Amino acid sequence: MLNISHLTKTFGDKKAVDDLSLRIAPGEICGFIGHNGAGKTTTIKSVCGLLQFDGGEITVDGLPVKTRAIDVKRVIAYIPDNPDLYEFMTAVKFLNFVADVYGVGAKLREERINKYAEIFEIKSDLAQPTSAFSHGMKQKLALIAALLHDPKLIIMDEPFVGLDPKASQTVKRIMRERCDNGGAIFFSTHVLEVAEKLCDNVAIISHGKLAAFGSMDSVRGNSSLESVFFELEEGAK
Amino acid sequence: MTDALVKVNLQMLLSSVLRRGSTRSGAPKRRSPAVAVLLGFFGLFMLADFAFLFVMTFDGMCTAFFEAGIGWFYFGMEAMFVFGLCVITSIFHAQSAVFNAKDNDLLLAMPIRASSILTARIITMLIPEYLFEAVIGLPALGVWLYHGYGSVAGVVFFALGFLVIPLLALTVACLLAWILTLATLRMRRKNIVTLVISVAFFIGYMYLAMNMQSLLGQLAANGGTLAHKFQSYVLPVYYYGVAVAEQSVVRFLGFLAMTAVPFVILIYLLSIRFIAIVTTKRGAKKTVYREKPMKSAGISSALFRREFSHYASNPMYILNMSIGSVMAVIAAVAFVIKRNDFIAALGIYGQMMSGLTPPLVLTLIILFCCSSSTCSGSLVSVEGKSLWLIRSMPVSGWDALKAKANLHLAICGLPVAIAGVICVFGAGGTLTENIMLVATPAAFSLLMAYGGVALNLLHPRFDWTNEVQPVKQGLPVMIMMFGSWALLVALGLLYGFALRSRLSVSSFVLVCDVVFAALAAALAHWLKTSGERRWETL
């Protein structure tokens with residue numbers, strides 16, 4: 001589903017991502033772990049076509065991001081760590097706008113908006129402007145918007161920040177369900193316990209380079225993900 | 001701490017003009033000195049224009065008032081002009097920059113006194129107020145000295161008063177902004193309230209501007225009566241006038257007490273209540289969502305509606321983006337109603353300049369209004385922190401940029417074209433002149449629409465703390481306004497000096513229309529190709 005091959009991105013003199021390669025198959029949840037400034041968000045933004053990269057290749061569902069960015073964006077959904085939504089719209093107008101852009105039919109969008117708004121318990125708030133939403137509610141709204149067009153790949157940057165425990169649990173359940181139905185998820189997190197419990201694969205990035213990548217069992221071996229992460233960090237220093 | 005905050009605020013203010021759009025790494029670049037000098041020149045040109053108007057105004061009052069023995073009323077009027085301009089320009093500025101500033105939460109979370117934050121914001125607001133005051137006050141001073149009524153002590157009192165008058169204006173503006181903020185806390189349609197008040201101010205301003213000559217005539221004729229009323233009811237103005245015109249220390253101290261003391265009290269009260277005001281979000285009564293059948297639309301329509309929703313969400317956007325087009329329609333309707341007066345007035349100028357026909361003058365008026373409609377010049381910048389949304393969606397850069405140009409055409413181009421059509425009914429021109437009246441605003445609007453989007457794409461700013469900043473202070477907006485004026489003047493000079501003997505005015509204007517449309521098409525092509533690539537790097 002997602003194939004990152006030798007990705008390199010430089011900002012001035014600094015290599016934010018250096019020759020990073022990883023692959024995520026349909027049905028897999030891949031956690032992306034790294035310290036602050038390790039290159040997680042740069043990688044994620046490159047995958048989403050939000051950042052032009054200097055070297056390497058990224059394909060999503062066989063489509064190269066560099067040359068077919070619009071087609072790639074049709075099959076993915078991106079949720080940033082701090083979703084700044086359109087504060088001039090009500091939540092339902094925002095969702096309608098997103099559905100229009102992704103070409104989701106009237107009936108289908110109605111079903112999906114109502115279904116997910118009920119799941120995330122914000123249905124009664126849909127007529128409110130998004131400016132009145134809390135961080136968690138914005139996060140929920142961004143998640144609903146991301147699910148509207150039934151994407152093949154969902155890319156999330158710190159998806160659990162700001163969510164209440166119930167919403168976090170719901171998100172984890174939806175993530176698993178989507179992957180069981182052939183979708184794929186690539187998300188960054190600092191919460192190693194969550195990654196350990198939820199992910200099929202894990203990628204650890206340190207100072208722009210991929211320090212470890214593979215199935216959760218192969219990466220952590222007999223120890224915990226936390227121990228492996230700190231060992232790799234120490235090794236990189 | 002206050003001086004550090006003032007420095008930051010000033011840096012922000014200056015950087016909106018002196019720095020240009022973000023680079024790929026996010027750091028803004030400094031503008032070239034040539035551009036900064038050009039901007040400074042345009043700014044001075046504008047200020048000099050207004051100052052000249054005030055020289056004429058004060059020249060009409062000075063001798064009349066001093067000879068009538070009410071010299072103090074001359075400076076009283078100067079103080080009233082300054083006070084009015086400062087209040088009007090700072091009410092909504094105070095609301096957005098003091099009470100609704102986006103960095104209030106950030107600053108309040110730091111170990112900074114609320115009074116320091118407030119004082120820094122007030123000082124930053126005072127700087128442009130002094131600039132506005134200079135545009136009115138210096139002509140008043142110059143005219144007074146020129147007519148030989150001046151004295152050294154008077155100049156000293158004038159200079160001291162110069163520092164104090166904006167304090168009173170800012171006191172009133174902050175108080176009104178505070179009331180407005182409190183009154184709209186629970187309102188669902190607070191934008192409409194703000195828009196209505198803004199439009200009321202605008203209409204008042206237009207009324208004063210359009211009737212300035214007759215009002216000044218009345219003022220000169222009834223100076224004594226008015227002066228008596230001011231003396232009785234507007235004491236600070238009276239005291240200030242007497243202090244400068246008659247060099248009275250006692251009156252100046254009285255004036256100081258009546259202006260500086262309320263300012264200090266207000267700052268004190270606001271400091272106490274500042275945290276409560278800026279952190280109270282009572283919100284409007286919650287509207288509960290009721291399921292309704294949903295409708296789908298195409299991408300172009302969705303993008304246009306998104307742009308329109310953003311435009312309609314903020315009364316300051318509406319006012320600043322559409323002021324020119326509203327003026328064009330008002331001018332067209334006024335022309336149809338007062339057609340005979342207009343044509344008679346034009347006859348006087350027509351004797352001086354041949355070829356100054358009503359359709360040509362109307363076309364020029366509408367074009368001037370078009371130049372003031374700078375909507376497209378800020379539509380990329382106003383994306384702000386939400387830019388990631390549209391960039392992560394399957395929307396081509398061209399589609400996104402086209403929607404912005406289309407919004408300009410809808411809210412600026414359409415009204416000016418309608419204004420042209422309205423004028424056709426009263427102008428009584430030939431077929432060519434009638435085509436000119438409609439086609440010229442339409443073609444010029446096309447140029448403004450695509451030109452503005454292109455400029456903003458080249459010079460975007462996403463780091464604003466107050467969302468009106470890119471609409472009012474953005475470089476693309478300034479270039480659009482002054483650049484289009486310069487273009488019109490250049491075309492006028494080209495015709496006057498080089499082409500007058502070879503082409504009729506209307507034929508020349510129609511050729512210009514073709515050039516405007518061709519330039520617009522070239523800009524649209526640039527947006528579709530290079531512009532789209534640039535959009536992807538934002």
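Contact here means heavy atoms within 4.5 Å. On that rule, chain A brings 36 residues and chain B brings 36 residues to the contact. Before going on: this is a predicted model, where local features need pLDDT of at least 70, side-chain atom pairs count only at pLDDT 80 or more, and totals for chains, interfaces and linings use all residues. Residues are numbered from 1 along each chain as its sequence is written, chains are lettered from A in the order in which they are written, and side-chain values use heavy atoms, with hydrogens and water left out.

Now the interface. Between chain A and chain B about 3300 Å² is buried, with 61% of it on carbon and sulfur atoms; buried area is the accessible area (1.4 Å probe) that two parts lose on being put together, summed over both.

How many salt bridges are there between chain A and chain B? The count is 2, taking a side-chain nitrogen of Lys or Arg within 4 Å of a carboxyl oxygen of Asp or Glu. D100(A) pairs with R305(B) in a salt bridge, and their closest N and O atoms are 3.0 Å apart. On the side of chain A that touches chain B, α3(A) gives the most, with 7 residues; helices are DSSP runs (H or I, at least four residues), numbered from the N terminus.

Last, chain B has domain 1 (2-7 + 53-279) and domain 2 (299-535), with bounds from an automatic or database domain assignment. Their centres, over C-alpha atoms, are 33 Å apart.

Methods
Helices (H or I, at least four residues) and strands (E, at least two) are DSSP runs, numbered from the N terminus.
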